[in-house]
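Let's walk through this model together, one piece at a time. Have the viewer open as you read.

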Amino acid sequence: MNHRTQDGRTANDLGELREQAEHTRDELGRTVEALAAKADVKAQAEEKVAAAREKAAVAAERAKEKAVVAADLVKEKTAVATEQAKEKAAVATDLVKDKTPDPVLEKAEVVAQKAKANRTPLVAATAALAGFLLVRRIFRGRRGRR
């Protein structure tokens with residue numbers, strides 16, 4: 001049943017008008033919120049900073065993972081190269097021992113034992129020789145500049 005109001009409209013028309021007004025208010029509220037968000041430069045900057053931080057964190061994590069993989073690969077290759085070098089050194093040592101006359105090997109062994117027993121004088125003599133060579137090089141370098 002439609003009831004007439006004082007201005008001639010029916011009650012249904014007023015209900016529809018109220019619904020339309022409420023709908024329009026909701027739309028207007030959302031539009032105002034969207035405009036306020038666009039006008040909020042600080043919030044936009046904070047969002048961009050947060051996004052950049054997250055992107056940097058992801059990139060750092062990927063770089064870290066790649067570094068770990070690369071380090072493992074280097075360790076593996078180093079271990080293989082070290083083992084190969086040890087094998088080659090052993091072969092070279094055996095070859096030198098086979099080709100070197102016994103009296104020379106015996107004298108080398110005696111010298112090695114004496115060096116091990118008297119490390120302090122050996123280290124001191126080596127340091128003195130290195131110092132002498134360094135001083136000589138410095139003086140030769142100065143003469144060349146003149």
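**A charged pair and its surroundings**

Arg25 is exposed, since its relative accessible area is 55%; here buried means under 20% relative accessible area, exposed over 50%, and partly exposed in between (1.4 Å probe, protein chains only). Before going further, a word on the source: this is a predicted model, in which local features need pLDDT of at least 70 and side-chain atom pairs count only at pLDDT 80 or more, while totals for chains, interfaces and linings use all residues. Residues are numbered from 1 along each chain as its sequence is written, and side-chain values use heavy atoms, with hydrogens and water left out.

Which residue does the side chain of Arg25 meet in a salt bridge? The partner is Glu22, with 3.2 Å from N to O. A salt bridge is counted when a side-chain nitrogen of Lys or Arg is within 4 Å of a carboxyl oxygen of Asp or Glu, and by this rule the count comes to one. Side chains of opposite charge can pair when their charged atoms come close. Glu22 is partly exposed, at a relative accessible area of 40%. Both residues sit in helix α1 (residues 11-39), three residues apart, or about one turn of the helix.

Now step back to the whole fold. The protein has four helices and zero strands, giving the pattern α-α-α-α along the sequence. Helices (H or I, at least four residues) and strands (E, at least two) are DSSP runs, numbered from the N terminus. Of the 146 residues, 1% count as buried. The accessible surface comes to about 13,600 Å², and 59% of that belongs to carbon and sulfur atoms; such areas come from the Shrake-Rupley method with a 1.4 Å probe, and for residues only the protein chains shown count as cover.

Helix α3 (residues 102-117) has 16 residues and reaches 23 Å from its first C-alpha to its last, close to the 22 Å expected at 1.5 Å a residue. That expected span is 1.5 Å times one less than the number of residues. The number of buried residues in α3 is zero, so this helix lies largely in the open.

Finally, look at helix α4 (residues 119-145), where Leu133 has its place. Leu133 counts as partly exposed, at 44% relative accessibility.
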